[in-house]
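Me: I have a chain to go through with you. Let us take it in short questions and answers.
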Amino acid sequence: MKIKKIDSSNINSVDFENLNFGAVFSDHMFTCDYVDGKWINPEIIPYQPISVSPASRVFHYGQACFEGMKAFKDDNNDVWLFRPTENYNRIIKSSVRLAMPKFPEELFFEGLNTLLKMDAQWIKPGIGNSLYIRPFIFASEGSINATEACEYKFMIICAPASSYYSDDVKVKIEKSFSRAAKGGVGYAKAAGNYAAQFYPTSLAIDEGYQQIIWTDSSTHQYIEEAGTMNLFFRIEDKLLTAPTSDSILDGITRKSLIQIAKDKGIDVEVRPIKVDELIDAANSGTLIEIFGSGTAVVVLPIVGFGFENKKFDLPKVENSWASILKNELNGIQYNLIDDPYNWTVKI
Ligand code: COI
């Protein structure tokens with residue numbers, strides 16, 4: 001792998017106390033090209049604009065997918081990844097669904113580990129601080145023939161991160177627009193899944209929400225996910241989450257929380273959740289918590305939600321399950337407590 005280091009780091013121009021998620025990038029990036037059926041030219045170079053044909057199929061047909069991962073620094077300045085093989089496996093799953101070539105596992109980890117070692121100073125210690133890692137693949141071939149491309153680029157860029165949302169989050173249960181349909185690409189981290197949410201989300205933002213809870217596209221009766229996060233509902237003494245499917249992303253934070261919750265003796269039910277069940281629980285006072293989970297948001301308490309013309313506020317809870325699960329997850333991610341699951345990998 002070729003390596004070209006930046007002449008002088010940009011790190012001193014960054015205000016780490018006031019980071020906007022995904023707006024600032026570390027000094028270097030990893031790139032690799034797919035040409036003539038082979039992945040070639042792996043290299044790490046200074047973070048910079050790239051040059052691609054305006055006819056690149058990604059711009060016309062959206063042939064692209066990505067991952068979201070984080071690197072954490074502990075108090076000894078050691079750097080840790082959290083379940084990185086899960087991210088690798090998922091980008092392969094997404095690539096296959098989008099007719100893109102599989103990026104080799106060895107090269108993925110060689111590129112990622114080298115990049116993290118080079119940009120380790122961008123990872124600040126302390127709970128809440130991390131380096132958000134964005135691996136992605138897109139069709140770079142300059143031809144607008146509407147078939148899968150013959151040429152691709154795989155890249156990894158990294159952004160120092162603190163919290164994703166700075167304020168309380170309320171969500172709207174959506175029943176007109178859909179995120180994903182049966183047989184579609186909802187389970188993949190396809191770039192277009194996110195673009196398609198921007199317009200309905202902007203309407204929800206105008207109504208005072210930050211995100212949408214998507215419901216199934218055929219009946220709009222069942223809860224799916226929230227687009228940048230999977231969802232958990234604490235109703236009475238149970239923690240409910242929808243099963244993953246071809247329209248729901250198989251979240252790595254989601255499955256980690258399910259495991260941690262079960263091991264803490266919480267009664268977790270992974271089953272279809274009806275919107276009506278949620279509304280009934282909110283009306284009768286048995287809906288105690290809602291929270292989202294995802295790499296970017298970690299565990300995000302949701303303070304209220306809306307459905308049709310009704311708005312529901314959730315009461316503040318002492319010792320919330322969201323905070324208990326988040327503390328345990330963070331403890332493992334930042335190497336503060338034992339990792340009984342072998343989820344963390346030292347760089
Ligand atoms: C992540 O949590 O990594 C995601 O992919 C959500 C993102 C669109 C910010």
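Reply: Start with a definition: buried means under 20% relative accessible area, exposed over 50%, and partly exposed in between (1.4 Å probe, protein chains only). This is a predicted model: local features need pLDDT of at least 70, side-chain atom pairs count only at pLDDT 80 or more, and totals for chains, interfaces and linings use all residues. Residues are numbered from 1 along each chain as its sequence is written, and side-chain values use heavy atoms, with hydrogens and water left out.

Me: Is E236 buried or exposed?
Reply: E236 sits in the loop between β11 and β12 (238-241). Helices (H or I, at least four residues) and strands (E, at least two) are DSSP runs, numbered from the N terminus. The relative accessibility of E236 is 51%, so the residue counts as exposed.

Me: What is the phi of E236?
Reply: Most residues other than glycine have a negative phi. E236 is not a glycine, yet its phi is positive, at about 50 degrees.

Me: H220 also has a positive phi without being a glycine. Is H220 buried or exposed?
Reply: H220 has phi near 55 degrees. The residue is in the loop between β10 (211-213) and β11. Its relative accessibility is 17%, so H220 counts as buried.

Me: How many helices and strands does the chain have?
Reply: The count follows the DSSP runs. It gives seven helices and 17 strands.

Me: What is the radius of gyration of the chain?
Reply: It is taken over C-alpha atoms, and the globule rule is 2.2 Å times the number of residues to the power 0.38. For 347 residues the rule gives 20 Å. The chain comes close to that, so it is as compact as a globular protein of that length, with a radius of gyration of 21 Å.

Me: Which residues of α6 are buried?
Reply: Helix α6 spans residues 275-284. Its buried residues are V275, L278, I279 and A281.

Me: Which strands are among the cover of the buried residues of α6?
Reply: The cover includes strands of the chain. Among them are β9, β11 (230-235), β14 (287-294), β15 (298-307) and β16 (310-313).

Me: Which residues does S293 contact, leaving aside neighbours within four places in sequence?
Reply: S293 lies in strand β14. It is buried, with a relative accessible area of 1%. Its contacts are M229, N230, F232, T253, R254, L257 and V298.

Me: Which residues is N145 in contact with, leaving aside neighbours within four places in sequence?
Reply: N145 is in the loop between β7 (130-139) and β8. At 44% relative accessibility it counts as partly exposed. The C-alpha atoms of N145 and Y61, 84 residues apart along the chain, are separated by 9.6 Å. The contacts of N145 are R57 and Y61.

Definitions and conventions
Contact means heavy atoms within 4.5 Å.
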